Amino acid sequence: MHNEFSNLYKSSSIGINKFHPFVKWAGGKTRLTSVIERHVPKNFSNYFEPFLGGGALFFHLKNTRYEMKDFTSYLSDNNPELINAYNIIKNKPQKLIALLREFEKNYYNNPREFYYELRNNKLSDKIFLAARFITLNKTCYNGLYRVNKNGLFNVPLGNYIKPKICDEENLLNINGILKNTKTIIRLGDFENILVKNTKSNDFIYLDPPYDPIDRTSNFTSYTNTGFNIEQQKRLSDLFHILDCKGCKLLLSNSDTETIRELYKDFSNNILKIESIRSINSKPEKRSGHVELLIKNYK
Ligand SMILES: C[S@@+](CC[C@H](N)C(=O)[O-])C[C@H]1O[C@@H](n2cnc3c(N)ncnc32)[C@H](O)[C@@H]1O
């Protein structure tokens with residue numbers, strides 16, 4: 001491990017949270033990581049986060065479990081723009097930062113005009129796409145990611161005064177983590193990745209889109225494929241298969257009858273935890289949600 005980096009890495013052991021998500025993400029777990037961490041097994045072989053989003057738990061573990069250097073992290077999601085951004089942070093951080101600086105300046109000069117120009121821009125260069133993705137995330141309404149039927153991002157401009165678009169320090173810290181620890185980043189569906197790569201004693205944190213508590217609050221379109229009841233069943237079937245394989249599984253979801261039924265075989269290990277949801281257009285609905293943590297181990 002590179003010297004400068006190992007110092008940075010070590011300093012996280014004294015309580016400085018060096019790493020944090022570079023995007024604001026619906027269902028992001030930043031506010032819950034210390035609660036969730038209490039349920040992360042003390043030891044495991046490799047780490048899997050197949051519904052990566054902002055990766056709050058991954059970054060939290062990198063802040064707190066710095067002594068566990070040997071595990072490989074498999075980070076994946078089926079959102080191509082998100083995974084492209086992780087790859088660019090890993091491989092081309094300086095070019096990304098330069099472009100983000102430029103976008104930040106342009107945005108501050110004329111937020112509305114720049115936002116819609118960028119949103120409509122169809123350039124396909126991967127560094128450009130990563131910078132565009134991060135900029136839109138920091139400036140759009142509520143940090144939402146939503147695409148229309150053609151896969152085009154369609155969230156309107158948010159209401160931020162001078163948001164920090166280019167967080168150079170965090171991006172370089174994340175670059176260090178992704179480059180200098182064993183981290184594999186993949187675009188893809190959770191099932192393929194887990195079936196192909198997991199072994200006994202691997203730890204898998206599953207944070208799928210929530211099963212909606214009431215059918216009107218159905219915020220599940222992170223990508224244009226959605227995550228409906230059939231997907232929840234598919235995940236629950238896989239949970240049972242991976243349990244038989246000897247993997248250690250921890251799953252977050254909402255407290256609904258559907259979820260309790262799908263995971264009734266693990267009912268001795270279902271815990272209720274309090275969450276604050278930051279992404280909800282109605283402020284009164286932003287706090288006080290109870291959600292579930294489901295484990296297959298004590
Ligand atoms: C609740 S969010 C995860 C939030 C994350 N834990 C965090 O802290 O930011 C769910 C994620 O699942 C992804 N997703 C949805 N369907 C998927 C699928 N079939 N396979 C893999 N990822 C999927 C979405 O793109 C989204 O990023």
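Here are some numbered notes on the structure above, which is a predicted model.

1. **The overall picture.** The chain has 298 residues, and 35% of them count as buried. Its secondary structure comes to eleven helices and seven strands. If you look at contacts between residues at least 6 apart in sequence, 76% join residues at least 24 apart.

2. The average pLDDT over the chain is 88, and 85% of the residues score at least 70.

3. **Around the ligand.** Which residues come nearest to the ligand? They are Gly27, Gly28, Gly53, Gly54 and Ala56, out of 22 residues around it. Sorted by class, the shell holds ten nonpolar, eight polar and four charged residues.

4. **A pair of helices.** To describe two packed helices, you give the angle between their axes and the distance between those axes. From H9, the residues taking part are Phe190, Glu191 and Leu194, and they meet Arg234, Leu235, Leu238 and Leu242 in H10. By class, that contact has five nonpolar, two charged and no polar residues.

5. **Tyrosine 116.** You'll find tyrosine 116 in helix H6, which covers residues 111–120. Is tyrosine 116 buried or exposed? Tyrosine 116 has 12 other C-beta atoms within 10 Å, and a residue with 12 or fewer is called exposed, so tyrosine 116 is exposed. Leucine 157 is 41 residues away from tyrosine 116 along the chain, yet their C-alpha atoms are separated by 7.8 Å.

6. **Proline 156.** Proline 156 sits in the loop between H7 and H8. Proline 156 counts as exposed because it has 12 C-beta neighbours inside 10 Å. Leaving aside neighbours within four places in sequence, proline 156 is in contact with Cys140 and Tyr141.

7. **Two asparagines to check.** Have a look at the backbone of asparagine 142, which has a positive phi of about 60° although it is not a glycine. Asparagine 142 lies in the loop between helix H7 (126–139) and helix H8 (168–180). With 15 other C-beta atoms within 10 Å, asparagine 142 is partly exposed. Asparagine 201 also isn't a glycine, and it has a positive phi of about 75°. Where is asparagine 201? It is in the loop between H9 and strand S4 (203–206). Asparagine 201 has 14 other C-beta atoms within 10 Å, so it is partly exposed.

8. **Threonine 64.** Last stop: threonine 64 belongs to helix H3, which spans residues 56–64. How many C-beta neighbours does threonine 64 have inside 10 Å? There are 17. Buried needs 20 or more and exposed needs 12 or fewer, so threonine 64 counts as partly exposed. Threonine 64 and glutamate 37 are 27 residues apart in sequence, while their C-alpha atoms are 9.3 Å apart in space.

Key. Residues numbered from 1 in each chain as written. Predicted model: local features only at pLDDT ≥ 70, side-chain atom pairs only at ≥ 80, totals over all residues. Near = placed C-beta within 6 Å. Nonpolar A, V, L, I, M, F, W, Y, C, P; charged D, E, K, R; others polar. pLDDT = per-residue confidence, 0-100. Contact = placed C-beta atoms within 7 Å. Helix = DSSP H or I, 4+ residues; strand = E, 2+ residues; numbered from the N terminus.
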